[in-house]
Amino acid sequence: MEYRVVDAFTDRPFAGNPAAVLILDGPYDEGWARRVAAEFNLSETAFTRPLPDGTRELRWFTPEVEVDLCGHATLATAHVLAELGVEGPYRFSSRSGPLSVTAEGGRLWLDFPSRPAEAIEAPDGLAQALGVAPLWVGRGGTDDLLVEVADEAAVRALAPDLQVLRALPARGVIVTAPGDEYDVVSRFFAPGAGVPEDPVTGSAHTVLAPFWAERLGRDELTAHQASARGGDLLLRLRGDRVDIGGHAVSVATGDLKV
């Protein structure tokens with residue numbers, strides 16, 4: 001069984017966010033999928049198979065849990081399908097409802113639900129764990145905390161206490177600020193899901209896009225996730241949907257023997 005590893009939200013190898021992708025012909029055992037994802041030990045491994053209605057089922061597993069929505073592994077899956085000669089647009093059925101990916105302007109574009117954050121009181125321990133004072137805290141997406149801080153330098157300098165973040169009542173923590181060269185910069189931490197820091201997180205931008213569109217007064221934004229690997233995204237807010245554009249690069253192909 002062939003697998004591919006793809007770097008998503010980058011136009012060069014060894015940057016962006018790597019995902020393993022398995023294109024399957026039919027049903028598979030969930031326990032097997034979890035073991036495969038743990039073996040790859042990437043932030044996400046994507047499994048897709050055809051459905052009778054002409055779409056494809058798409059599921060995503062971290063090394064520890066199945067997640068409801070994953071942007072970079074969806075982008076990676078569409079990239080692999082294109083490499084295999086499957087014509088787009090690519091339509092998926094997922095735990096977050098119908099998703100699609102189209103090619104436009106040299107990029108792949110994810111059509112994802114917009115998941116705005118609502119303001120909340122900062123959970124106990126959040127500021128101490130991050131080592132920075134939040135300007136604003138909300139909850140949105142797939143149960144993520146959104147934390148606005150003063151500037152890009154504060155985002156880049158973060159060295160959070162991951163053990164404290166793991167205990168917070170959230171899937172993950174998105175930390176963001178206005179960018180110097182980009183409209184939006186962010187980082188994403190999800191130690192409770194087995195991902196201490198995610199290199200580039202498409203699902204986080206379903207929260208970031210509506211937040212910054214309102215703050216900046218426009219619906220098209222440039223975004224950069226300031227992890228060590230780094231990644232670039234284009235965002236277009238369309239009502240209750242977000243288009244997320246990015247590149248992808250295949251870096252490895254192999255034969256899964258189990």
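A: In this predicted model, the largest nonpolar core holds 48 residues, and F9, W60 and I244 are the ones that touch the most other members. Apart from this core lies another, made of 19 residues, including V132, L158, V173 and A177.

The empty space may be considered next. Rolling a probe the size of a water molecule over the atoms shows where such space is left. Across the whole structure, a search finds two cavities of 30 Å³ or more.

The largest cavity has a volume of about 90 Å³. Among the residues that line the largest cavity are E44, V67, L69, C70, R171, F188 and A190. Strands β13 (184-190) and β14 (195-198) each supply at least two residues of this lining. By class, the lining of the largest cavity has seven nonpolar, two polar and three charged residues.

The second largest cavity contains about 40 Å³ of space. R171 and A190, both named above for the largest cavity, also belong to the lining of the second largest cavity. V173, a member of the 19-residue core, is another residue that lines the second largest cavity. The elements α5 (162-167), β12 (172-178) and β13 each give at least two residues to the lining of the second largest cavity, which divides into six nonpolar, two polar and two charged residues.

The largest pocket holds about 240 Å³ of space. It is lined by 19 residues, of which F9, T10, G231, D232 and L233 are the closest to its centre. Strand β16 (231-238) is one of the elements that supply at least two residues of the lining of the largest pocket, and β16 provides the largest share, four residues. By class, this lining has six nonpolar, eight polar and five charged residues.

The second largest pocket has a volume of about 150 Å³. Its lining consists of P116, A117, W136, V207, P210, F211, E214 and R215. Helix α6 (residues 205-216) gives the most to the lining of the second largest pocket, namely five residues. The lining of the second largest pocket divides into six nonpolar, no polar and two charged residues.

Notes:
Residues numbered from 1 in each chain as written. Predicted model: local features only at pLDDT ≥ 70, side-chain atom pairs only at ≥ 80, totals over all residues. Heavy atoms only, no water. 1 Å grid on protein atoms, 1.4 Å probe; cavity = no way out; pocket = protein on both sides within 12 Å on 5 of 7 lines; lining within 4 Å. Points joined across faces, edges and corners; volume = space filled by probe spheres on them. Nonpolar A, V, L, I, M, F, W, Y, C, P; charged D, E, K, R; others polar. Core = buried A, V, L, I, M, F, W, Y, C linked by side-chain atoms within 4.5 Å. Buried < 20%, exposed > 50% of the residue type's maximum accessible area, 1.4 Å probe, protein only.
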